[in-house]
Amino acid sequence: MRGRITGKKIRHGIIFILLVLFAVIIIIPLLWMVITGFKTNQELFLKPWKMPEMWKIDNYVKAWKAGIGVYFKNSVLTTVGAVVFSTLLSCLAAYPLSRVKFRTKKFWVILILGGLMLAPQSAVISLFKMSKVLSFYDTYTGMILVTGAFRIPFATFLIMTFYRDISVSLDESAYLDGATTGQVFRKIIMPLSKPIIASCAIVCIRSVWNELMFANVLLESTAKKTIPVGLVNMQGTTTTNWTMLMAGMVIASVPLVIVFLILQKQFIRGLTAGSVKG
C-alpha cells in the first residue's frame, strides 16, 4: 500500500516538475521581450541578457505613434466582429445538429465539420476574387466575414459536443410548459453555454488577432491594416529598430493575456465539460 502511495507521489512530482519547466520555457522569452522593450538597440546587441541601464518607455511610445495605435484599433474591430459572428452562428448551427431530429442532419454535420479539412491558404485566391466582386475588398466587413467563417467549423464541433451532454429532459420540460424551440434555445441552452462560448471565443480571438495572411490580402489601405501586418511593416529593408519592434510586440500581446485571464475559468470548464460523466 505504501509502495503504491509512494509511486503515485513520485509520478505527481515528475509531472509537476515537467509542468514548471514548461511554464518557465514559455515565460522567460515573454519577460525577455518585455525587458528588451525598455532597452536601446545598442544595449540589445551588446548586453542582450542584462537589465537596461535606464528603464525608459520611449520605445513603447514610439511604437504606438508609429502606427501600432491605429493597427490596434483595427485589430480590435475585426476580432470582436469575427468572434461575435462565428460564435453566434456556431451556437445556432450546433443546437439543431445536436438536439433536434431531422432527415438531413447527417449531411449538414458532415458539410460543416468538413470545413475543418479546408486549409485557408487554398482559398486565398478565390476569396480575394469574391471580395472584389461583392465589394468587400479593403473593408472591415470582408475581413470579419472571412476570418470568422474559418472559425465556425471548429467552434460548431466544440459546441455540439457540449450541447449533447446537456440533459434532454430540460427541453422536454420546457416544451410541456408551452415553450417554443427558440425560447428553449435562448432561455435554457444559451445560459448554460457560457463555458463553451468562452472557450470558443478565446480560440477565435487568438486566431483572428494573429491573422496575417488574410489581413495582407484583403486589406489594402494602411489605415485599415491590423497589428500583425503593422509589425511586419515596422521591419525596414535596410535597418530595423528592434527594441521598438519588441515594444510593439508586447503591446500586441497584452490584449490576449488579459482576455485569457478574464475567461480562464470558463475556458477550462468549457474544455473539460463532457469529459467526465456521472
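**Figure 1. Contacts between domain 1 and domain 2 in the predicted model.** In this predicted model, 5 residues of domain 1 are in contact with 6 residues of domain 2. The domain assignment of the protein chain places residues 1-37 in domain 1 and residues 65-273 in domain 2. The C-alpha centres of the two domains are 31 Å apart.

**Figure 2. Area buried between domain 1 and domain 2.** The size of an interface is often expressed as the accessible area that is lost when the parts come together. Here, about 450 Å² is buried between domain 1 and domain 2, and carbon and sulfur atoms give 86% of this area. On the side of domain 1, the residues that lose the most area to domain 2 are M33, T36 and G37, which together account for 78% of what that side buries.

**Figure 3. Residue classes and polar interactions at the interface of domain 1 and domain 2.** The side of domain 1 that touches domain 2 comprises 3 nonpolar residues, 2 polar residues and no charged residues.

**Figure 4. Two spans annotated as "transmembrane region".** The unreviewed UniProt entry gives this annotation to several spans, including residues 140-163 and 196-219. Residues 140-163 are 92% helix and 0% strand, with end C-alpha atoms 32 Å apart. Residues 196-219 are 83% helix and 0% strand, and the end C-alpha atoms of this span lie 31 Å apart.

How values were computed
Residues numbered from 1 in each chain as written. Predicted model: local features only at pLDDT ≥ 70, side-chain atom pairs only at ≥ 80, totals over all residues. Heavy atoms only, no water. UniProt positions renumbered as here; feature names shortened; annotations may be inferred. Helix = DSSP H or I, 4+ residues; strand = E, 2+ residues; numbered from the N terminus. Domains from an automatic or database assignment. Contact = heavy atoms within 4.5 Å. Buried area = accessible area lost by both parts, 1.4 Å probe. Salt bridge = Lys/Arg side-chain N within 4 Å of Asp/Glu carboxyl O. Nonpolar A, V, L, I, M, F, W, Y, C, P; charged D, E, K, R; others polar.
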